[in-house]
Amino acid sequence: MATSTLRPAPLTRSSRPPRTERSRPLSVLGRVLGYLVLIAASAAVLLPFYWMVMSSLKTNNTVFTAPIQWVPEVFQWHNYVDIFTRSDMTTWLKNTLILSVVVTFLQVLTGSFAAYGFSKTRFPGRDALFLTYLGTIAVPWQAYMIPQFILFSKLHLANSLWSIIALQAFGAFGVFLMKQFYETIPEELSEAARLDGLSEYGIWRRIMLPLSVPALASLTLLTFVNTWNDYLGPLVYLRDKDLWTIQLGLRTFISQYNAEYALIMTGSVLSVLPIAIIFLLGQRYFVEGIATSGMKG
Amino acid sequence: MASQTIATTQAARRRRGRLRRRNALVGWSFILPNFVGFAVLTLVPVIALFYLAFTSWNAFGTAPWVGLDNFTRLIGDTSFHTSLTNTVYYTVFHIPLTLAASLGLALLLNRKLRGVAFFRTAAFFPYITSIVAIAVVWNMLFSPEFGPINQLLSFLGVQDPPGWTTSADWSMPAVIIVATWREMGYYMLLFLAGLQTIPPELYEAARVDGANAWQRFRNVTIPSLRPTTFLVMVLLTIGSFKIFDLILVMTNGGPGQSTLVLSQFIYQKGFVENQFGYASASSIVLFAICLAITILQFVVNKRRER
Amino acid sequence: MKRSQMTAVGVAAAVALSLAACGGGDAGSDDSGSAGPVTLKISGWALNATPEFQALADGYHEENPDVTVEVVEYRDGNDYDTQIISDLAAGTAPDLYVLKNLNKLWTFQTGGQLLDVSDVAGELDGDVSGVDSYEIDGKTWAIPYRQDSWLLYYNKDLFDAAGVDYPDGSWTWDDYADAAETLTAGLGDQGAKGTYQHSWQSLVQGFALAQTPDADLLSGDYSYLEPYYQRSVDLQDAGAQQTYGTVTTSSLTYQAEFGTQKAAMLPMGSWYIGTLLAQQENGEADDFSWGIAPAPQFDDSTTGTDNTPVTFGDPTAFGINPAIDDAKLDAAKDFLTWVAGEGGATVLSELGVTPALTNDAVTETFFGLDGMPADDLSKFAFSTHDTRPENPVAAETASVQSILNDAHSAIMSGSSSVADGISEAEDRVASEVGLG
């Protein structure tokens, strides 16, 4: 790790500090080299995605070959039409979108709310309760999947979109993530607010939420992606055709005796795009120094 | 005089008592909306699992109590030992590698850089690309006969390049490489969020004191990132011990049992061999290991904070 | 906190107990009425790619307008078992469900998830194969409607190009291996290999178990696997077939390898007939002429067209969910009789699926399909075989299978020698399963 060459970023526009810049030519060379490395690394990282795109333009029997075929001989653009005419892609996209949005909203809301209770209030048994939260993350889902499914069936939640929402929205992950970030916010800020007569709910709403925008952004992105790409949850809980998600639907192109790999890849490409766009939009919350701007006052 | 002191202390104690009750009430009111859902939908089945670990449940019908039988059987089960050893092997390498890679990426991409949005998205792409595509492409890259990795190694003069996923000795390193590559963007995101919380004044002050880049990293970045690092460490530890999907699609535990991990053992015993009681017992062992390490991290973290 | 923790544990324990106590339950109590119209729910998987379930449902409804058959769609592969186990455990499974693999019969029967259907089995035509496989304790627990068997597919054009004689039904595995090597040598400039053996465990172990005299999966002695593995390893060492490493690292599919003429032979199950026909029709597979031959044999005591070649293959069956409404039971049993009999067989063979019922009419329908080969050996191979189940039905089967699967990947990847791989498996079966 070449940490010695790394310089922490100027976090806010006002505090740009480059007084100790090195001499220019070296820095230009370094910059060019840095970009070359970054571009090469990006290419390496995007290679499987590239293969996915290329495979989505092949016929089924040319997807897997030895040695690998990086460019299709004939581009099968019609795959992108076929997938809509031959499947319920629109329904799948709609369901996945509904689930991702609702789950993310609930997880971020209840998670950040509960995290405040765990990090900024004190009461007996708090740490034990928090460890219980963490503990459940450590239990593999495959192990308690069936007891949980039986419970959901008794509650008449199974085979509905509600089941996935209930399954994902109250997880311990969001609580843990938000708690860790609240702990970096100095206690003095809350104390000052308390003296100003703000209630605990007010502090959460007026101080904690605005200061934890980067954490909220990462929680939002990660929850969204995890819900979007979840396979096992929908597999166990959703049966009716009109409830299927993308990940579930795409597997209908695989059967024991015949698999339409090209269409699966077409669908996978289509399913990655929305996330990529959301990520591109969301990542800007990591540069603007929102977290620190409030702390100067 | 004396009675007055008693009265005031009593009043003070009462007030403190009330305050404590009020604090507890407020604390719980924050936790409750999430906790209700969590308790009913996750905690109850998890506790049921603890009960089932002492039975010979087969998913259907009753669950006959067998006491500690499942646990004694685990002690003698060589497959379980193999899966435990493999999981530890994976964890020991995967955690430091991913930690270094994701922190490095976060530091590198936490700056004003032309195209930083693109590079960040690229770094996150492995996590969102379909896991099947990842397995296919990496398996192919690792292919001993056609794979570019071994072609490069031979070009560099390596006499007998490894067999990667087709060799019992190299399959685990191959899995570790791919897992690190896949997850670095995920943890990078958490570090990026953590980096935003470091007040720039701290760097300013360090610079005034004449600290160089490395010293600033050691004395400002690392300590300020501690809550994030704790979060990442705990998630990484648990995630590594629970590794499942990637191995399933990449090697399916093979060749032989060289990449058989705990989660897969549990899945195999449960869904393939229908011994859900036994599977529950093994998952409790997994749980206990994770929890022990997490509590250790928790304690160390608490001590450092002081 | 202490108290509330105790309560939580208490509540959870109560839930666990009630979960444990009530498998089965309130599946489909909505329809009732003794004689009137009945709706039967059956399970099926990947309905787009696997039309047989809907076809059976429609076919039965057409002959029995009072009974509507509704197919509940599940996933294919291992996911099917995950889903159906969950549904059975929660009491939400359909009235009739498919046993995808024979090895799950033990699980479902001992778990109390199957109704005794011995009376249906008793009435069946003697030509329905595989019914015996579903017996436990002298009773029949499911009725097969489909029976696949392993055959040898070969590409006639590639045989001609390499100047090798077509299989004639007299082949043992050694003849097959010789042919594969000769073909590879003759096809060198076309880049095709002599044969393609997919990475599955069953491809080696299924034949070894079915064909070797006195081989027994539950004996703990796996020396019978040795010649079969030796031959497979030799074939890939000789370059007559893609190595296991290439097959797995490049995720090769048998449909592409045989369908696009990269291999001249393919040992594969009869399910591939339907796929190959469809792929040649839609252009996914090349246009070449092919044939099917009996699977190569252990020795020449079972070769030749005057003998019955031994092969393996699992039947697929429907079982009745014990939670079924009593009012539907007669209809469900009638459905079972129908799918295993002439009615189901006609529907299936029109789709290129091999029914459990084998007779001349089925063979006729099958070879009337567009694109089927017309030679006599193909007809013989299709209609004449002694098909043994891939695995015995027993409590230990699943555990033994997974140990042997580890041995398979270790041996085929070259991580272990044939002898070491087998003896390690024997040790593990002895210590982990307690056999041998």
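This is a dialogue about how to read a predicted model with several chains.

Trainee: What should I know before I look at any residue?

Mentor: Welcome! Residues are numbered from 1 along each chain as its sequence is written, while chains are lettered from A and ligands numbered from 1 in the order in which they are written. This is a predicted model, in which local features need pLDDT of at least 70, side-chain atom pairs count only at pLDDT 80 or more, and totals for chains, interfaces and linings use all residues.

Trainee: What scores does the model have, and what is pLDDT?

Mentor: The model scores ipTM 0.85 and pTM 0.86. The pLDDT is the predictor's confidence in each residue, from 0 to 100. Chain C averages 88, and 92% of its residues score at least 70.

Trainee: Where in chain C is confidence lowest, and where is it highest?

Mentor: Helices (H or I, at least four residues) and strands (E, at least two) are DSSP runs, numbered from the N terminus. In chain C the lowest mean, 45, belongs to α1(C), and the highest, 96, to β7(C). Over residues 1-34 of chain C the pLDDT is below 50, yet this stretch has 52 contacts in the model beyond near neighbours in sequence. Where pLDDT is low, the predicted coordinates should not be read in detail.

Trainee: How do I read a contact, and how many residues of chains A and B meet?

Mentor: Two residues are in contact if their C-beta atoms, placed from the backbone, lie within 7 Å. By that rule, 86 residues of chain A are in contact with 84 residues of chain B. Helix α1 (residues 24-55) of chain A gives the most to chain A's side, with nine residues. For the classes, Ala, Val, Leu, Ile, Met, Phe, Trp, Tyr, Cys and Pro count as nonpolar, Asp, Glu, Lys and Arg as charged, and the others, Gly among them, as polar. The side of chain A that touches chain B then has 59 nonpolar, 21 polar and six charged residues.

Trainee: How many residues of chain C are in contact with chain B?

Mentor: Here 38 residues of chain C are in contact with 37 residues of chain B. The most on chain C's side comes from α1(C), with 10 residues. By class, that side has 15 nonpolar, 19 polar and four charged residues.

Trainee: What is chain A built from?

Mentor: Chain A has 14 helices and zero strands. A residue is buried if 20 or more other C-beta atoms lie within 10 Å of its own, exposed if 12 or fewer, and partly exposed in between, with C-beta atoms placed from the backbone. Of the 297 residues of chain A, 51% count as buried.

Trainee: Is B:Arg114 buried or exposed?

Mentor: B:Arg114 is exposed, with 9 other C-beta atoms within 10 Å. This residue lies in the loop between α3 (78-108) and α4 (116-128) of chain B.

Trainee: How do I read strand pairing, and which strands join β9(C)?

Mentor: Two strands pair if DSSP finds at least two bridges between them. Strand β7 (residues 150-155) of chain C is joined to β9(C) by five bridges and runs antiparallel to it; there, C:Leu151 stands opposite C:Met268. Strand β8 (residues 193-195) of chain C has two bridges to β9(C) and runs parallel, with C:Lys193 as the bridge partner of C:Ala263.

Trainee: Why is β9(C) largely enclosed by the rest of the structure?

Mentor: Seven of the seven residues of strand β9 (residues 263-269) of chain C are buried, so the strand is largely enclosed.

Trainee: Which residues touch the most other members of the largest nonpolar core?

Mentor: In soluble globular proteins, nonpolar side chains tend to be buried together. A nonpolar core is a set of buried Ala, Val, Leu, Ile, Met, Phe, Trp, Tyr and Cys residues joined through C-beta atoms within 7 Å. Of the 305 residues in the largest core, C:Ala142, C:Ile143, C:Tyr153, C:Ala264, C:Phe318 and C:Phe335 touch the most other members. Its largest share, 16 residues, comes from helix α7 (residues 171-196) of chain B.

Trainee: What does C:Tyr153 touch?

Mentor: Leaving aside neighbours within four places in sequence, the contacts of C:Tyr153 include C:Phe258, C:Met265, C:Met268 and C:Trp290.

Trainee: Into which domains is chain C divided?

Mentor: Domain bounds come from an automatic or database domain assignment. Chain C is divided into domain 1 (9-148 + 313-358) and domain 2 (150-311). Their C-alpha centres lie 33 Å apart, and the contact takes six residues from domain 1 and eight residues from domain 2.
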